[in-house]
Amino acid sequence: MFRHGLPISNRARAESVFYNFALHVHPVKVRKRSIKFTYTFGLGGLSAGLFFILTITGALLMLYYRPSVTEAYGDMKDLQFVVSSGQFLRNMHRWSAHAMVAVVFLHMLRVFYTGSYKPPKEFNWVMGVLLLVLTILLSYTGYLLPWDQLAFWGVSVGTNMARAVPFGLGDKVSYLLLGGNIVGENALVRFYVLHCFILPIVTLGLMGVHFWRVRKDGGV
Amino acid sequence: MELDLALGSYLLIEKMNNQRKLFAIVSVIFLVILAIAPFKGFFPEWKKYQQQYNDLVATLPQRVKPTEIGIKQVWIQSLDRVDRCTTCHLGISEPALKNAPQPFRTHPQIHHNVEDLGCTSCHDGQGSATDFKEAHGQSEYWDQPVLPRKYMEASCGKCHKEQDVKQAPILTLGRKLIVEYNCSGCHKIDGFAKQWVPPLDGIGTQVSSAWLFNWLKNPRGYWDHTHMPNFGIADSDANNLVDFLKSFTSLPDGSTLGTLPASLLNPTDAQKAKMLELGATRFGEARCVSCHSVNGKGGYVATDLGKVSSKVSTDWLYHYIQSPKHLLAGVAMPRFRFTDEDLAAVVLYMKNEFVDYDMVQPPEHTPDPEAYQKGLAAFKKYNCSGCHQLGTMNRAEEMAPELSFVGSKRMYSIDFGPSKIEKTLPNYLQAKLMTPHAFSATAKMPTFGFTEQEAQAITVALLANRNENIPEKYVRRSLPKSTFSPQGKFGKLVGDLACLACHQMEGNGRLVATDLSIEASQAHPDWIMNYFKVPYSLRPILTERMPNLFLSDSDRKSLVDYMQVNFIADSLDRAIQMSDSLIAHGKSLYFDRYACQSCHQIEGKGGYVGPPLDKLSTRLKSGWVYHWLKNPKAFKPGTIEPNNNLSDADADAITAFLLKQK
Amino acid sequence: MPKEFEVESSSNAQKVPKRVEFVKERTAARVRQEETEMVMTVPNLLVREVIAFMILVIVLSLLSLLFNAPLEWQANPQHTPNPAKAPWYFLGLQELLHYFPPVVAGVLLPTLVVVALIVIPYFNVNLKQEGMWKQHRPQTLVIALVSIGVVCAALLIFHVYAMLVPTVLMTLLMLVPYFSHKEHGPIGWLATRPVQWWVMTWFVVMVLVLTAIGTLFRGPEWSWTWPWDHIY
C-alpha cells in the first residue's frame, strides 16, 4: 500500500493481498456476509490484536524489569514513579492481558455456538483450545512478576492446586514449576522465562497454524 | 430497473460513506488517544513544585540557583535506598530558605548529610515515590509512612544503640523507662536490661495482708512513684494471691527472722518517750530522706516511708534496717551501723510516726481452702515471676509478644479492634501504652499509668527497634559496661554500704552523687575521714545528701586508704608554691579579671549560683583545683562554670588564692 | 443405471480433475444456499479490521489512563492475606476447591474440561443440530434426567448449591419444550436447541456463576460476603 499507493483497481487490490506478508493470511476475496461484524464479532482478530499490543508493551516493560526477588518490586515502583509513561505501559499490559483471557474465551464460545468447530475444522478447534490454555498460562505466569502480595499469593494458590495432582506427581509438578518448594527467586526466574520467551514463542507458532487452518478451511 | 440499480448503487455508496466516516472518526480518536497517552506521566505533581520553587527563589534577595526540572534522587547503595524526596524538597541544604514554606524549607542543622544517609533512613515514607501521597506513605500498601515529628527520634535509635543518645532526649528517656518499668519481664526486647525489683521470699513476715491486698489492687494508691503496674486484679484473685504470698515466710537462705530486743517489744512509757526522741534524731542524722520520701517529700530513689508502719511488720523492719541485703537480696539500701539501742529507737520512731490512718480495710473474705493453688495460678497468670524472684519459680516464657523488632511491625499484624484512632504503628503503640485495653478487653498487659510524655518516649524507643539491615559501620553502641568491682575489705564495704547506688567508681554505679574515681586526687584524706563522720552537703538545697552511715573508725580508715591508692590520678598532681605575691595576683584575677564573686561566695561576699569557696584548702588538693579551673567540664560535664581558658600561670595564681582561704 | 460421473485418477498435471463430492447422510455438508456475493478483501475487510483494532487500542488506552494496575505490598511469605485469591480466571476453580477435595477440583475437573473441549468436534454427535426433543423423546428424557440426576446427586453430596441451583433451573428450562409444543416464540426457539448446545451452555453458566461467586462473594476464610461489605 505504501509502496504502490492506494489500490484503486481490483487487480491492485488483489495484489496488495497476495504480495503482502501480513495480509496474505487473508484471501483476495471474502464473502460479503462473513465480514459482517455480527458474523464473528471480530473476536479472533481482537485476540490477535491484543497479543500484538501485549508483545509491544511487554517488550518495553522488559527494558525496566529485573526478575529478582530483591529488585522486582522496586522496579515496579520505578516504573510507576519515574519511567516516562511507565505506569501507562503497565496499565496497558495488565488490562490487555485480562481482556485477552476474556476475549479468547468468548471467541471459543462464538465458534461453538456457530457450530464452526465441526469437521473439517475439528483440528483447528483443538488448536484454539490449546491457544486458550496458553493464553491463561501466559496471563498466570505474568501475574507473579510484580512480586507484590497479590502476585505472590495468587500464584501460591495456583501452584498449591497443582500439588493436588495424584500419584505423588503433584509435588514434582509444583517443584518443576517453581524450581523449589516455595514461591521464591527460582520461581520468579522460571515464570519470567516462561512468560517472556517460551510461552509467547509457542503461542506465536500455534497462532500461525491456527490462522493457516482458518484459511485452509475457507474462513476469512 | 434502472432506478433500482441507481438506488442500489446509491445505497452502496451511502454505506461506503458511512464506513469511511467511521474510519475517519475512529482514526482521529485513535491518534488523539495515542497523543495524550504519554501525558499521563507528563504532568506529575513534582513539576508543579519545581516550578513553584523556581518562582520562589526568583523573589529572594539572595542569589539561589533555580532547579533544573527533573527528578532528583539520592541513592545510598549500602542502605539499599533510593530517595526521591529532594525532587520536591529542593531547599533542604539551602540556608536562604530557612523560613520558606514547605516543601522548600531548609533542613534543620543535623550531624548527618543527606548524601550519606538519604531521607527515608530517618524519616520513613516511600523514598522511591514521586507524588505526595505515595511518597509520604499515606497509601494502603505502604506500612511505614513519614514519622510524625514527635516520634522522630525513633530513627536516631536505629543506629544509635547507646544507652544515652545525647541529642535524642526523648529516645533516651524512653529507653530508660523501658528498663525502669521492666518491660523485658514479659516481653523479649534485645538490648534492654532488667531493673532490680524486690524478691518475694519472706514476704509472709514482711507485709500485712490488708496492705498487700490494697497494693495488689492498686499499687499507686500506696506510692504514686512505684513502677509496679495495675493488673486490674479481681478481689477473688487478689485474696488468693495474698493468701498464697503470705505463706512464704522464710528468707531465701531458709532462715527466719530473729527475735526483737525487749526494749522494742515492751517499752515502758518513759523508755518509749526517750526512744522516740532518740529515733527521731537518728532518723534525721542518717538522712533517710535522701533516698526515701516521706509522704511525697524527699528522695525518689527508694520507696515512700510515710505509711510504712501500716505496711511492714515491726519484726521485719528491725531486721531489715539491721541487715538490708539479707532480707532483700540485691537492694540498694546501705547497712547503717546503728547500735542496737539506736536501731530499736529508729524502728519504734518509724512505727509510731509513719502510720496510714486512712488505710482502707479490704473486704472480709473467708479463706478459700484451695487458696494456695489458686494463688499460684494467679501468680503465673499475671507473670509475677517476670519481675519478682520467688523461690525457684521461673518467669513464664515470654508471656507477651517480642518487641525486639516492634518498630518494623507490619500493619496487617496489628489488630486495632474497636478503636477509632488513626491506624498507624506509633498511634497503636502509644495508645497501647497508655490504655493497654484500648484494642482488646481481654489484653493481658497491665496498666502502668504512664503520662503522655512517658508513653511517647517509650513509643519512640520501641519504634527504634527495627529489623532493617543496617550495616555495622553505621551502628553506634555503648561502651561495654564497666565490670569494676573492688575486692577485699573495701569491696565488702562498698557492697554493704551500697556506695554504687549513688556514686560511680571507674564507670560502675549510678551517678546520683559524685564520681569517686579520682576522689583522692581531689580531696585530702583527712577531710574524707571527717566527712564520713559528719557528712554535709556542699549544696545544702539538694535532696540527695550523703547519709550518716555511723561508720566505725576502722571502716572509715579502710575506705580512705583504698581510695588513696586507687582513686587517684597522677596526671592531676600539681604542686604550687604558695607565695604572697602569687596569692595577691590570684586575688586580683579572682575579683577583677574573672569576677568569680558574681557566682561564688568568698569571705562572705559574692553570688549564690556556685558553691561557696571558703575553707577549700582543708578539702581540695591544689592539683585538682588547678585542673578544674583549666577545664571544669572535664570533671563535671553538666557544670555551668565557664571555661575561661586560663593560662597556666593564671590558674596557678587563682589556685593559690583559693587554697589560702582557711 | 447410466453412469452419471466418472472417477478420474490422473497424474496429468495439465489436466484439471473434476471435482466430486460424496454426500453421505451423516455429514453436515449440504448446500443450503448458493454462494453469496464476494467482495474484495482490500479495502472491505482490511478497513474493518483496522477500525476494530483502533477501537481496541482506544478502549484499552482509556482504561489505562483512568485505572491504574494494582500494586500491593511487597511479597511477604510470612503473611497470607485473608482470603488469598488467585487471578480472576482461576477463581471458579478456587471456588470448586472450596467444595471438592483438591484432587477433584484442582486436577480432575480442569483436566476433564480441557479434554472435553478438545474432543468436542470428534464426537460427531448430532451434526445436523437437531433440536433435543425432535426424535426419541421418551428415551432422550430418561437419559437426560438420569445423567442430570447423577450430576445433581454429586452436587448435593458435596453441598455445591452454587452449582446445583443453576443446574436445576436450566433443567427446568430444558424440559419446557418437552411439555409445550409451541413452535414459535422463545419456547419454539428453545425446542430447536440441540443437546450439545445445552451442555455447553450449562458449562458456560457454571463458569460464570463460580467465577462471579469467587470474585465478588468470597471474603475471609472463603466465607460468603456481599460485594458491598468489602472494598474491591
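Predicted model: local features only at pLDDT ≥ 70, side-chain atom pairs only at ≥ 80, totals over all residues.
Figure 1. C:Ser61 is part of helix 1 of chain C, which spans residues 41–66. With a relative accessible area of 0%, C:Ser61 is classed as buried, because burial requires under 20% relative accessible area. Leaving aside residues up to four places away in sequence, C:Ser61 is in contact with A:Phe88, A:Met92 and B:Ile33.

**Figure 2. Domain division of chain B.** Chain B comprises domain 1 (2–41), domain 2 (72–146), domain 3 (169–194 + 399–474), domain 4 (203–245 + 255–353), domain 5 (488–568) and domain 6 (572–660). Between the centres of domain 2 and domain 4 of chain B, taken over C-alpha atoms, the separation is 57 Å.

**Figure 3. The largest nonpolar core and B:Ile321.** This core holds 80 residues, of which B:Ile321 and B:Met350 touch the most other members. Helix 17 of chain B (residues 340–353) supplies its largest share, 8 residues. At least three residues of the core come from each of domain 4 (203–245 + 255–353) and domain 5 (488–568) of chain B. When residues up to four places away in sequence are not counted, the contacts of B:Ile321 are B:Met333, B:Phe338, B:Leu343, B:Val346, B:Val347 and B:Met350. Another core, of 58 residues, lies apart from this one; A:Ala72, A:Val157, C:Ala75 and C:Leu155 are among its members. In soluble globular proteins, nonpolar side chains tend to be buried together.

**Figure 4. Packing of helix 23 against helix 24 in chain B.** Helix 23 (residues 525–533) and helix 24 (residues 553–566) of chain B pack at an angle of about 145°, and their axes are 10 Å apart. The crossing of these two helices of chain B is right-handed. From helix 23 of chain B, the residues B:Pro525, B:Ile528, B:Met529, B:Phe532 and B:Lys533 take part in the contact; helix 24 of chain B contributes B:Arg556, B:Lys557, B:Leu559, B:Val560, B:Met563 and B:Gln564. Sorted by class, the residues in this contact are 7 nonpolar, 1 polar and 3 charged.

**Figure 5. Surroundings of B:His600.** B:His600 is located in the loop that lies between helix 25 (580–593) and strand 5 (601–602) of chain B. The relative accessible area of B:His600 is 13%, and this residue is therefore buried, the limit being under 20%. Residues touched by B:His600, without those up to four places away in sequence, are B:Tyr590, B:Lys605, B:Gly606, B:Gly607, B:Gly610, B:Pro611, B:Leu613 and B:Glu641.

Conventions:
Residues numbered from 1 in each chain as written. Chains lettered and ligands numbered in written order. Heavy atoms only, no water. Axes fitted to C-alpha atoms, helices over the stretch in contact; angles between N-to-C directions. Helix = DSSP H or I, 4+ residues; strand = E, 2+ residues; numbered from the N terminus. Left-handed = near helix turned anticlockwise from the far one by under 90°. Contact = heavy atoms within 4.5 Å. Nonpolar A, V, L, I, M, F, W, Y, C, P; charged D, E, K, R; others polar. Core = buried A, V, L, I, M, F, W, Y, C linked by side-chain atoms within 4.5 Å. Buried < 20%, exposed > 50% of the residue type's maximum accessible area, 1.4 Å probe, protein only. Domains from an automatic or database assignment.
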